[in-house]
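Please look over the sequence and the model below before reading on. The report that follows treats pockets and then a sheet.

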Amino acid sequence: MYSIFNNTPPIAVVPIFVNAGTALLPAILAPIASALALLLKPRELARLARRRPLLLPSIAVGGVALTFLCIWLFSPTTPAKAQGPQRIDWAKVALDILRQEENGTPTTNPTTQPATVRNEPTVFRYDYARCGHDGSPSPLDLRPRWEFNPEEDTMYLSSPAVVGDRVYGASATLVLTSPDKYLGSIFCVSASDGAQIWKIDKLDNQDHKAFFSSPAITADGKYLLIGQGLHDHKDSYLICLDAATGRLHWKLQTPLHIESSPAIHGDMVVAGVGAIEGPDHKPIGDPGFVLAVRISDGKELWRYPVADPESSPAISKDGTIYIGSGFQGNAVVALRSETDAELKAKNLPREIWKQTFGYPGTGAVTLIDDLVIVGGGNSDFVNVAAHPGGVVAAFDSKTGDQRWKLGFTDSVLGAIAARDGKVLCPVRNGELVLVNQKDASIIWRKSLGTTSNLLGAPAMTSSHIYAVTKDGYLIVVSVKDGSVIEKKLLNKEDKPAEMGLTLSSPMISNSRVFVGSETGGLRCFVGGKVAQLP
């Protein structure tokens, strides 16, 4: 018997059986042919059957044997004719394993094994604590994994949303021939290799306006929601897409732009519709409002006037909405989420409380425990105020009473991350400040450099901070003492941050870093190692 154990190729078995069957075939066919001839002479067959009673059963058995022989010899599905055993490319398997080990990722596909099970919507910075982290180990010794950048002159200002094995994002592309100047797209790519799954450049045959707003994904993963437009845009849309295909579910036009990133609560999405302002920061036309829409069918539920709500709102479990009021507002507002009819029936106003804190509340609202934390200042993403100043303030979520307030020498534009009793404040002038959540006492403060302005929100894990600077770098900092651990270029080496708009906020998911850039596309970094969880 031939076997793989005696180093004889097993394929040699096949021709032996085939040749033997071929040699026996004439011997089998001869008596069968004679029997068939007798079938044409019934009288002769009857006489022969009386003399030899076993003849007819023998012929029948022979016919069955012939049938099986033919099937065995000529059928493509038999072992004799089937293809040989499937070959495993062990070299490829080994290279894949080595590559995964080199990149600090598990040998199983990490994008199909989320660090935590989500039963909640994925919003700007993952959830309303705004840490931009799914709980997976912190990647260190970062190395580029892939880059998504299908068009030239495209910026990725908004922050990616990562759900399972998919990354959702939006872009802004400079088009000088367009009256809107900046056009955009919404897209979905594979988290493992950046391969495009879908990309939408138009809305009902009209070019998308550019995107600053970041996508939010419903808890069931079915819908993507995002606001359209940059600061000078009007007649923009709140957009809902099928997350699996990118197909339009609904759109709702507003007279202004929506730079606010949507918040989701059940079947309701809420976003701020911001003002278009002149050089004096006073609104030109409509001063802005908060918009609530039913996700399932796109029906507008209500809108409420708030001055310049560019802030990304947060929604508590009881449905209370918290949003910052920007220029000409200088406040944070708490709103009820019921419809106008429901509030009228209860004889309740929409506004629960409103607290001013001295500066425009342009930053995303952070909701942690019983605190509402918001940042702001008088400088914006492009222009520095003549006398810059900023603030981070914390308020009681129920009463609006101010718990603490901390002033800075410039605006706090990026979302404030809060976890483990600590609050991370990214100051526009390049300073990271970590404070105690209870009383705002400073734990440490670290300047990343005068050219390293912080416009976006850092991600914060239990051990590390991932900050993106205006000049186009991703900087990893220790939570313990603020020391810089590593620094990676985000923009193209031959095309640095020309406009100073590297402000996408990084997302840490499955021990990978996903972040947009001004000239380097949407990028994914993996770690040569990961930090141990405490």
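## The second largest pocket

The lining of the second largest pocket comprises twelve nonpolar, six polar and ten charged residues, where Ala, Val, Leu, Ile, Met, Phe, Trp, Tyr, Cys and Pro count as nonpolar, Asp, Glu, Lys and Arg as charged, and the others, Gly among them, as polar. This is a predicted model, in which local features need pLDDT of at least 70, side-chain atom pairs count only at pLDDT 80 or more, and totals for chains, interfaces and linings use all residues. Residues are numbered from 1 along each chain as its sequence is written, and side-chain values use heavy atoms, with hydrogens and water left out.

Of the 28 lining residues, Glu120, Tyr128, Ile315, Ser316 and Lys317 lie nearest the centre of this pocket, whose volume is about 550 Å³. A pocket is an open set of points on a 1 Å grid over the protein atoms alone, where a 1.4 Å probe fits, with protein on both sides within 12 Å along at least five of seven lines, and lining residues have an atom within 4 Å of a point. Grid points are joined across faces, edges and corners, and the volume is the space filled by probe spheres set on the points.

## The largest pocket

The largest pocket holds about 1,100 Å³ of space. Among its 46 lining residues, Phe212, His231, Glu259, Phe381 and Val382 are the closest to its centre.

## An open sheet

Strands S31-S32-S33-S34, in that order, form an open sheet with antiparallel pairing, where strands are DSSP runs (E, at least two residues) numbered from the N terminus, and two strands pair if DSSP finds at least two bridges between them. Five bridges join S33 (residues 473-478) to S34, and Tyr473 stands opposite Leu489 in S34.

Note on methods
Helices (H or I, at least four residues) and strands (E, at least two) are DSSP runs, numbered from the N terminus.
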